Structures are given as C-alpha cells and as structure tokens.
Amino acid sequence: MKRNYKKRRSMLYIPGNNPAMIQQGGVYGADSILLDLEDAVALNQKDAARILVRNMVNVIDFYDAEVCVRVNHLSTPFGLADLEAIVPLQPSAIRYPKTESAEEVAELLNIIEKIEDRHGLSHTKMTLHAMIETAMGVQNVFDIASKFDRVDAITIGGQDLTADMNIVYTPDGAGIDFARKRIVMAAKASHIDVIDTVFPDVNDEEGLRRETEYAKKIGFTGKAVINPRQIEIIHDVFTPTEEEIRKAYRIVKEFRANSAAGIGVFAIDGKMIDAPIVTRAEYILRLANVTVG
Amino acid sequence: MKPKIAAQSGTFESSDVIFLIEPLPDNSGRKLEISSTVMQQFGANFNRIVLEMLDQYEMTDIHLIAKDKGALEPTIKARLETAIKRSLDEQEGTLK
C-alpha cells in the first residue's frame, strides 16, 4: 500500500513560456512548483515553451520546492514531444492532464519508461500526478490512484471538469462537490496526496480562505495556486495548529523511545498509538517544519 | 545550413529576448544585429552564446536580429534554438 504523503500545501502554476516567472518561481515559498506546458501556453508556442522549460528546469534554483512539469495530453500533437524533452531531466513529477482511465496511465508510464531506458534512468525517481478533469476521470479515479506506484498524487481540475459537465462553475462549488469528495476518497484509499483545484478570483481573499478551509475539511492535502498572493492564505489553512504540532511531537518522540526499547505499540493519555498514527504525526511535523530532537 | 524561412521567437518582456531570423542570398555569411539592455555588462557573453549556437547548427547566409531584455543564458539558448528550428521549418510538436 502506498504511503507517499509529501508537503504539498500549495502548488504554484507557472506558465512554461514565461522566463521571468520561471526564474522567480522559487522565491514565493510554494511547496510545489508546476511549470505548465499545457493550458498556459498558446498552441503556436508549444515548441518555444518546451525548449525553455527543458533548459530551465534543472538550472533555476527553486529552493525546497517540488518541481513538476505539466505536459500536454498524448492525444494532442504536443504530448509525446513534451515527454521526450522533459522525462530525461527527471523533474520531481510529471503532471498529466485529463486522465480518464488506468489504461491511459499504463500507456503513459510505458512511454515514460521507454524514454528512461534509452537514457539509462531508473523508473523510481520521478513520480506522476494524475489530473482528474472529466466526468470519465471522476468515474475511474480509484483505479487511476491505486494501481500504479508512480502515481503519488491526484488533483482535480475544476474549470475543465465543469466544462466537461456542461455546467457553470459557481463560488459554492456545488457542481464539483461530488467529484471533489470521490477524488479525495480515492486518494485516501490509495494513501497518496490529493490537491484541490485553483481558486480563480485572485482578488477574493475571503473566498479563497473559505474554499481552502472546506477543501482541508473534506480531506484535500493542498491546493493549486494561480497567483503567488494566494500562497500565504493556503499555507495558513493547511499548516497544522500549535496544539496539533505539540501532540504530533509527543507521539513521534515517544514512538522513537519505545521503538528503541523494542516496544511497537504503546499508549499516550490512555490512547493506543500504532503505526498509522505515527505516520500521521510525522506528516504533521513535516508540514510544520518541526524536527524531533 | 541556411534558413528556409523567416522566423522569430521570444518576447519583448523583461528577462526574455526576441530573435528574428531571415535567409540571406547564398554566400552572404552572417549578418548579426544584437541589442541588449545589459549590453555593457553581459554583451560579450551574449555574443558568444549566439555565435556558438550558430556554429553548432552550422547556420550561414543568415540575418539575425536580437533584442534582449536581460535574459539568462538558458533563456537565450532556448529562444535561439526555437528560432533556428522554426527558420529551418523543423519545429516539432506545435501548431505553426
């Protein structure tokens, strides 16, 4: 069973054909940077963006951020060229748009692994983020999330999903609420991260906070960001409270002491502490940048 | 190789560079017009990058105009590679 939880409170989208924004991408403190070759790039600039991202991805210092590249779908004239250019550079992850089935992921991974073989690269370093943006993707999301070790996060693309459903996106998110919860459940069952869609109105900070709090409440582990201004609010919501951090610290510290003494299961304040609770506590400490001394 | 068609890449935005390439008559060599907002500090480096890439692609009979707004080396190389491939009509995975 996968347990690939990472610190991915925020995922900042950066248009792949904008060198200034790519250069500055790391300074805003997002947990994850997404260099976008798909929707943020005009159809007649796909070659330019691909070459630019290829040249920049391993040269620019993005500090501690996870660096992902969103490629175009393989059904477009751009997808294969994107993979040929980006896979040899092994960013942290490839994000694949409009993922609709496990068969599609298998085909994608087959192509990625052939490219890796040609370059003498392992199949284990770079992961895959599957974007769920269609009704069919929502239907098949559990297979997409669970069947492949390399899929270590799934995300929901709210704008494309509403378009696919022929509905209008509303601030209350009513139209995509079922999809959100189904995607979260697939991620939880697969023990991987699940990232909420962007909040499109960069001037509505209250709305952003409200939507982010809702996303956290139903199980999302992070949220996509279209403007660096949104990062602070999203981090504020997803960063654990002081009480949660204190509790997690105590659990991890006592777990280590008990493990050293050969004790696997123990109790704190009368509650049994076992491996899943320790894993959750370690995740909270990672989010809070706290190290147990 | 010489350009088949006129082509351009990049933008006039800060930290970017725009390249325009057009073919010249046979045996014309290279005609370069390079301007940069950081020419005084980084002009020699910019010229070196351009010449090395033109050599790498064996480009001759070419008129190249570059207008730089402080692009980093990977950006300069990306934009010039894009312009050269477009001028050779060899760009892949894009709409023209």
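# Briefing on a predicted two-chain model

Among the elements of chain B, helix α1 (residues 39-56) of chain B has the lowest mean pLDDT, 95, while strand β4 (residues 62-68) of chain B has the highest, 98; pLDDT is the predictor's confidence in each residue, from 0 to 100. Helices (H or I, at least four residues) and strands (E, at least two) are DSSP runs, numbered from the N terminus. This is a predicted model, in which local features need pLDDT of at least 70, side-chain atom pairs count only at pLDDT 80 or more, and totals for chains, interfaces and linings use all residues. Residues are numbered from 1 along each chain as its sequence is written, and chains are lettered from A and ligands numbered from 1 in the order in which they are written.

**Confidence and domains**

- Chain B has a mean pLDDT of 95, and 100% of its residues reach 70 or more.
- For the complex, the predictor gives an ipTM of 0.96 and a pTM of 0.91.
- Chain A is divided into domain 1 (10-238) and domain 2 (242-287), with bounds that come from an automatic or database domain assignment.
- Between domain 1 of chain A and domain 2 of chain A, the C-alpha centres lie 32 Å apart.

**The contact between the chains**

- Chain A contributes 18 residues to the contact and chain B contributes 20 residues; two residues are in contact if their C-beta atoms, placed from the backbone, lie within 7 Å.
- On the side of chain A that touches chain B, the elements giving two or more residues are α1 (19-24), α2 (46-56) and α3 (79-86) of chain A.
- Of these, α2(A) gives the most, with 8 residues.
- By class, this side of chain A has 11 nonpolar, 3 polar and 4 charged residues; Ala, Val, Leu, Ile, Met, Phe, Trp, Tyr, Cys and Pro count as nonpolar, Asp, Glu, Lys and Arg as charged, and the others, Gly among them, as polar.

**Helices α2 and α3 of chain A**

- Because 11 of the 11 residues of α2(A) are buried, this helix is largely enclosed by the rest of the structure; a residue is buried if 20 or more other C-beta atoms lie within 10 Å of its own, exposed if 12 or fewer, and partly exposed in between, with C-beta atoms placed from the backbone.
- The buried residues of α2(A) pack against α1, β2, β3 and α3 of chain A, together with β1 (7-9) and α2 (73-87) of chain B.
- Helix α3(A) is mostly covered, with 6 of its 8 residues buried, including A:Leu83 and A:Ile86.
- The cover over the buried residues of α3(A) includes α2, β3, β4 and α4 (102-118) of chain A.

- In strand β3 (residues 66-70) of chain A, 5 of its 5 residues are buried.
- A:Glu66, A:Cys68 and A:Arg70 point one way from β3(A), and A:Val67 and A:Val69 point the other way.
- Strand β2 (residues 32-36) of chain A runs parallel to β3(A) and is joined to it by 5 bridges; two strands pair if DSSP finds at least two bridges between them.
- A:Asp36 stands opposite A:Arg70 in β3(A).
- The chain passes from β2(A) through α2(A) to β3(A) in a right-handed β-α-β crossover; a crossover is right-handed if, with the strands pointing away from the viewer, the path from the first strand over the helix to the second runs clockwise.
- Strand β4 (residues 93-96) of chain A also runs parallel to β3(A), with 3 bridges joining them.
- A:Ile94 in β4(A) is the bridge partner of A:Val69.
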